[in-house]
Amino acid sequence: MSEPLDPYPREPRDTVSPGDGGAASLAIREAETLEGGPVPGTAASAKARSLWTDAWHDLRRNPVFVLSALVILFLLLIAVWPGLVAGGNPLQCDLAKSQEGPQSGHPFGFDAQGCDVFTRTVHGARASITVGVCATAGAALLGSVLGGLAGFYGGWWDALLSRLADVFFGIPIILGGLVFLSVVTSGSVWPVVGFIVLLGWPQISRIARGAVVAAKQHDYVQAARALGAGNARLLLRHIAPNAVAPVIVVATIALGTYIALEATLSFIGVGLKPPTVSWGIDISNASNQIRNAPHMLLWPAGALSITVLAFIMLGDAVRDALDPKLR
């Protein structure tokens with residue numbers, strides 16, 4: 001006697017019995033191997049899906065990021081250990097070789113004082129990159145703290161910091177540098193760093209304020225507040241990690257801008273001063289000899305341009321990776 005037909009037939013589906021856990025795990029691993037990553041819906045996929053993981057996944061496959069990162073790593077290397085590339089003394093000059101062109105052992109030629117242009121170009125990376133990195137770190141830290149507090153607390157604190165930022169936004173950078181740095185007798189990097197931080201924090205503070213204002217409206221922040229979390233815990237554990245991405249993007253792009261600003265201030269004579277070796281100083285010294293000895297200007301200006309371009313390209317790549325709207 002045949003079995004009665006099921007009036008509600010169901011589509012067959014794959015099931016895994018409790019005893020087939022090893023086979024199911026093997027199938028998932030095989031699928032991950034074939035697809036090149038975790039299978040969507042699995043625990044491995046859920047664990048890997050985060051903003052920073054996705055960003056790093058995209059950055060590793062972005063040729064712009066890879067190229068700019070390699071250039072920046074090389075620049076950082078010669079900034080820390082310039083003797084690895086140029087073993088000479090950048091302050092050792094011979095007037096008998098003034099403005100001579102490239103020759104054996106001196107591929108970039110000599111400047112007006114008879115100094116080796118190659119050695120000075122390599123050693124000049126230290127001052128320029130030190131100014132850029134320290135000024136960016138200081139401006140990002142100060143701007144993030146002030147902007148984050150303004151966006152979190154609001155009220156009179158927000159209004160006060162916003163008006164203060166507007167005052168600094170209204171100061172022309174070059175004019176401010178002429179006024180501020182002209183009264184400083186030291187020619188080291190730290191007065192220049194302090195000046196850039198003083199005028200650079202308002203931009204980052206506005207970015208940080210907007211990110212914090214947007215983050216504190218999320219449901220998870222409201223839930224944590226309802227469960228009794230204090231302001232410090234809300235700001236440090238829940239809001240700051242989700243608001244730091246735009247600050248990183250702006251700071252990375254600004255780093256290249258600050259290096260160019262240091263060179264500009266040194267060019268007009270109010271930034272770094274001799275005996276400090278800087279690309280801006282060498283460009284300033286070579287500007288009057290551009291017709292007689294163009295190699296004096298070519299190499300420090302080229303090194304400055306490549307450095308600024310590398311940091312801007314890095315910032316653009318990081319922005320594209322961290323912006324969810326571009327996914």
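A contact is defined here as heavy atoms within 4.5 Å. Among contacts in the protein chain between residues at least 6 apart in sequence, 67% join residues at least 24 apart.

## Basis and confidence

The structure is a predicted model, in which local features need pLDDT of at least 70, side-chain atom pairs count only at pLDDT 80 or more, and totals for chains, interfaces and linings use all residues. Residues are numbered from 1 along each chain as its sequence is written, and side-chain values use heavy atoms, with hydrogens and water left out.

The predictor's confidence in each residue is given as pLDDT, from 0 to 100. Its mean over the protein chain is 82, and 83% of the residues reach 70 or more. Confidence is lowest in helix α1 (residues 21-35), where the mean is 40, and highest in helix α4 (residues 63-80), where it is 94. Over residues 1-48 pLDDT stays under 50, and for this stretch the model has 15 contacts beyond four places in sequence.

## Overall architecture

Secondary structure is taken from DSSP runs numbered from the N terminus, with helices being H or I over at least four residues and strands being E over at least two. On that basis the protein chain has 12 helices and zero strands.

Burial is expressed through relative accessible area: buried means under 20%, exposed over 50%, and partly exposed in between (1.4 Å probe, protein chains only). Of the 327 residues of the protein chain, 39% count as buried. Accessible areas come from the Shrake-Rupley method with a 1.4 Å probe, and for residues only the protein chains shown count as cover. The protein chain exposes about 18,800 Å², of which carbon and sulfur atoms supply 65%.

## Helix α7

Within helix α7 (residues 173-181), G176, G177 and L181 are buried. They lie on the same side of α7 because they cover an arc of only 100° around the axis; the arc is that of the directions from the helix axis to the C-beta atoms. The buried residues of α7 pack against α8 (189-215) and α10 (231-267).

R120 lies in helix α5 and is buried, with a relative accessible area of 9%. The side chains of R120 and D282 are joined by a polar contact of 2.8 Å. Leaving aside neighbours within four places in sequence, R120 is in contact with P90, L91, D111, C115, V277 and D282.

S128 is also placed in helix α5, and its relative accessible area of 0% makes it buried. Its side chain makes a polar contact of 3.2 Å with the side chain of E262. Beyond neighbours within four places in sequence, S128 is in contact with I259, E262, S278 and W279.

## The loop between α4 and α5

D94 is found in the loop between α4 and α5 (117-153). With a relative accessible area of 36%, D94 is partly exposed. The C-alpha atoms of D94 and G114 are separated by 4.5 Å, although these residues are 20 apart along the chain. Apart from neighbours within four places in sequence, D94 is in contact with Q113 and G114.

## Aromatic pairs

Rings of Phe, Tyr and Trp (its six-membered ring) pair if their centres lie within 6.5 Å; planes under 30 degrees apart count as stacked, over 60 as edge-to-face and the rest as tilted. A search of the whole structure finds seven aromatic pairs. The rings of F108 and W299 have their centres 3.9 Å apart and their planes at 5°, so this pair is stacked. F108 lies in the loop between α4 and α5 and W299 in helix α12 (residues 295-322), so the pair ties together parts that are 191 residues apart in sequence. In the pair formed by W156 and W157, the ring centres are 5.9 Å apart and the planes stand at 85°, so the arrangement is edge-to-face. Ring pairs also link F108, F118 and W299 into a cluster.

| Residue | Relative accessible area | Class |
|---|---|---|
| F108 | 15% | buried |
| W299 | 31% | partly exposed |
| W156 | 65% | exposed |
| W157 | 26% | partly exposed |

Note on methods:
Polar contact = N/O pair within 3.5 Å; in protein donor to acceptor, adjacent residues only side chain to side chain.
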